[in-house]
Amino acid sequence: MITSNLAGKNIDDMNGTVDVRNVVILKNRKRFVVDSLLFSCVNKEKETRISLESALLAATFDGTISIGDLPAALGGHFGRYFNLHESGPAKTSKPQAFTFQIALRDPRMFTEVFFPQLDRLTAGDIQGNYDSEKRDLNLIGNIAGVAYGGFDIDSLRLKITSNARLLQASLSVGSVSDSMLLLTNLQLSASVGHDSIAAALRSTGSNGETKMFLAGNCTSVPDGYQWRFSPDGVVFQNTAWKVPADNAILFGGGRLIARNVVLSGGGQSLSVNSADGNTPQRPVTLTFAGFDLATLSRVVERDSGLVRGVLNGILVLRNQGKQRAFTSDVKVSEFSLARRMVGDIALRANNQTENVYSVSLDITGNGNDIAGQGEYRSKEGGSELNLECDLKKVNLASIEPLTFGAIRRLSGTASGHMRVTGTIREPFITGNVTLNNTAFDPAIVGSYLRIADGRVIFDGKGIHFGSFEVFDTLGNKASLSGSVLTSNFRNFSYDFRVSTKKFLLMNKPASRDALYYGTVFLDSDISVSGDDRKPVIRMQAQLDKGTDFAFVLPESETGVQQRFGIVRFLDVKNPSNAIMSRSKPATGGTRDTTGTWHSSIDLTANVEVNKESRLRILIDPIAGDSLVIRGEATFSVAVDPSGKMAVTGRYAITDGSYQLSFGQFIRREFAIAKGSSLTWFGGVTEANVDITAIYTVKTSALDLVQDQLVGLSQEERNKYKQTLQIQVYLTLDGKLLAPNIHFRLDLPPEGRGVLGGSIYAKLNEINGQESELNKQVFALLVLGRFLSSSPLASAGDGGLTGFARSSVSQILSEQLNRLSEKFIPGVGLNVGVESYQDYSTGTAEGRTQLQLALTKQLFDERVTVQVGGNADLEGPRSQQNALNNFAGDIKVAYKMTEDGRWLLQVFRQNTNAGAIEGDLVETGVGIVFTIDYDRLFGITLTPVSGGGEER
């Protein structure tokens, strides 16, 4: 709904308001509602107020503002400081003086509607003022974060100020990063005045060192502009580079001329120079001499060692007009990518012939011998390719970084020959690639796989797999045969088959953030047909003996709340939003919306679970609650065209356990009774639970029935002190993500008649009282005993006092260590308090010990000194304390090698062996040798050199 009340002759004489409400934006079948948008404009003599209020942003402009003349006014304002060589007379504008404020409120509209590649935009604000007659401009903008096109920009701040002489601007960014690159503490500053711009770009590391600094001056000259690097304006990695004082780059007006631009430092140089002559379009030559690629790589790399190598060669640019041409002849020696050595790369390329680009590439060294050459012809109707590559030998380890972590521990070689013709849109690829002794570890499954010999054939119609066999670490085989058909490498159809027998498909270790892990042995017969729009997958599979698979229930699933009782009534004949009900395009066949096709999977799978396979379900990985089961099952898995997965089947549990946690230290493991099951009739996490688990506690029943023993003799009361096997039953039913939990207490059948059945009768009575049952279950699981009706006066030894002592001592120790970390920096201080009941004298006495350990590293961390000891604060030994008790233990460790592999230790240690033995003192010296290795017989006694592969 739009309500408008505007009046005026033009945009600068506008008065009134525009009120827009209930605006709906439809994109990709998703609705975005803008609740309200209010625009108001008031124009009076020497006073203008413009305001915009919406859920998207809010903005206000106050003062004498002329919207129509504003662009010309801002252009003229900058032109007062720097000549922009504008053609024609300068546009005149009315004097303007106003303040402004802009605040982003709901960035989701930007990120999802207007800029799809804008993944994130944190709300921010821009404010300032402008006075054209005083040449006064002030602007401050702050945006906490922007994520666009895979790049993440953090803490963006822009500041612009100006006066009658200068315009100054600064832009600071906390970091700019993507998955591989990281540029930190970026600062760009500029000072503009008298037809000159003094600019500087700086990036610093976390420790304050200068990673990059580029500074210079841009001046306005006739028919263009000139840039000069400052003599001290180039710094890389805290090292200043030399620049000639007469360096200059002229550009603009169709020319690019470089004179004596030579950057040199650390034995490497980069120079840019134009050929002699008077023409504005002279050839420009870039010369690299011993240029270390790490010089630039270290500025932007996230992890050290991203790109390394020494670059030598020249690049010549000709005809900087409409038809540009270039020739290049460069070589990179000892090139490495992500710490993986590739070898020497020689590249020669040119486009001496119009629209024809010729290239020749050779990669040699480090087990690689690759030669490629060909042409690329740019033409209307489709650019043509004619490329050929001779893969004499490819060291697959050198290309592992190109998998971006999807493949690890890649080894082996490849050879073959490839030819590419056709066009960019429809390339015609022929040739073959043979894999020799190839091994790799797919990160998604963690199983180390090997291909003895595999051959892949390209025939222009697609990719064909011949006898392709993959082996696991146990020698079990997976066979792949068939084809992936395509004519343009954009649309694919499938016709291949995979079969496995006792194949170790997964061998992924547990980790803190892993959603699944474990081992999976698979017998399978899988066929794939269809195309990329609708792959058709048919699978027969069995989880074989040795399978031990664990998966974590996702937190987002467990947090879902059921919603009931919401009823929505719609009048389909008279919809409230007519635009939302449109089902046919407008007259003439034009559409007002865009659509995309969606791919779907036609999957049908039957999966059997061997009774020797084990399944772990981590219900709460932080607390440690988990379900470990073993049994038999047959599942049917299907995926409908909408992508929804349906699982049907029953997992009959033969044995297993349910681990229940109380706090951080107490864990109890329940044994699952036979006959329990998990049943699926929906999604993977939508299982119905029917599990009964038992935890047995050996304790006496005296505390449970002592209020019933009034009047009995001590001899009769002592009979109730005998140890019984109390069974705590845990029953889970309902949904796996939110099960209903019930408890029950019982005795084994052979123990139900003990003491005339009085204990069994009492347990049955408690089972009918939920409050009392929960109290006794908690006591049995946490304390290992029953609670009496007055738990602080429990008849058992120590009652709750012993448990309270140990709990308080743990809490106190944790708090003391936190304080030591805060107030004693540079020194490792560990404080512990242990409190317990001591029966060494024959009666229960409280005993509390203070434990101290002081650690300090000296001489560049080559020597570590640790001093510590215990002192009694409560108990029979508390009167025997002396100051030297705290320094009773001492240990000195010296790193014999810089990497700490060889360690010399000298120690003296006090040990209290007991009341009879007394205190013992151990003194000694020892040598410790530490080594990491990934193969049983791959141990080396010397550190691996820096150029080698990391393990």
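This report walks through the fold, the cores, the ring contacts and a few individual residues of the structure above.

## Ground rules

The model is predicted, so local features need pLDDT of at least 70 and side-chain atom pairs count only at pLDDT 80 or more, while totals for chains, interfaces and linings use all residues. Residues are numbered from 1 along each chain as its sequence is written, and side-chain values use heavy atoms, with hydrogens and water left out.

## The overall picture

The protein comes to nine helices and 51 strands. Those are DSSP runs numbered from the N terminus, with helices being H or I of at least four residues and strands being E of at least two. Of its 951 residues, 35% count as buried; buried means under 20% relative accessible area, exposed over 50%, and partly exposed in between, with a 1.4 Å probe and protein chains only.

As for contacts (heavy atoms within 4.5 Å), take those between residues at least 6 apart in sequence: 44% of them join residues at least 24 apart.

## Two nonpolar cores

A nonpolar core here is a set of buried Ala, Val, Leu, Ile, Met, Phe, Trp, Tyr and Cys residues joined through side-chain atoms within 4.5 Å. The largest one has 68 residues, and Phe-229, Val-234, Val-433, Leu-435, Phe-458 and Val-470 have the most contacts inside it. Strand β15 (residues 224–236) gives the most to this core, with five residues. Apart from it lies another core, of 58 residues, among them Leu-522, Leu-603, Val-607 and Val-637.

Back to Val-234: not counting residues up to four places away in sequence, its partners include Phe-213, Leu-214, Phe-229, Trp-241 and Leu-263. As a rule, nonpolar side chains in soluble globular proteins tend to be buried together.

## Rings and charges

There are 19 aromatic pairs in the structure. Rings of Phe, Tyr and Trp (its six-membered ring) pair if their centres lie within 6.5 Å; planes under 30 degrees apart count as stacked, over 60 as edge-to-face and the rest as tilted. Phe-61 and Phe-100 have ring centres 6.2 Å apart and planes at 25 degrees, so they are stacked. Phe-100 counts as buried because its relative accessibility is 10%. Ring pairs also tie Phe-61, Phe-98, Phe-100 and Tyr-130 into a cluster.

Lys-508 lies over the face of Tyr-516, at 4.3 Å from the ring centre, and Arg-744 lies over the face of Tyr-729, at 4.1 Å.

## Along strand β29

Strand β29 (residues 427–442) holds Thr-434 and Pro-427. The side chain of Thr-434 joins that of Arg-455 in a polar contact of 3.5 Å. Such a contact is a pair of N or O atoms within 3.5 Å; within protein, one must be able to donate a hydrogen and the other to accept it, and residues adjacent in sequence count only if both atoms are side-chain atoms. Leaving aside neighbours within four places, Thr-434 also touches Thr-413, Ala-414, Ser-415 and Gly-454.

Pro-427 has a relative accessible area of 11%, so it is buried. Beyond four places in sequence, Pro-427 is in contact with Val-420, Thr-421, Ser-487, Asn-488 and Phe-489.

## Positive phi and a buried arginine

Asp-223 has a positive phi near 65 degrees, in a residue other than glycine. It lies in the loop between β14 (210–221) and β15 and counts as exposed because its relative accessibility is 62%. Ala-338 is not a glycine either, yet has a positive phi of about 50 degrees. Ala-338 sits in the loop between β23 (325–337) and β24 (340–350).

In strand β24 we find Arg-340, which counts as buried at 15% relative accessibility. Its side chain makes a polar contact of 3.3 Å with the side chain of Glu-400.

Technical notes:
Lys NZ or Arg CZ within 6 Å of the ring centre and 35° of its normal.
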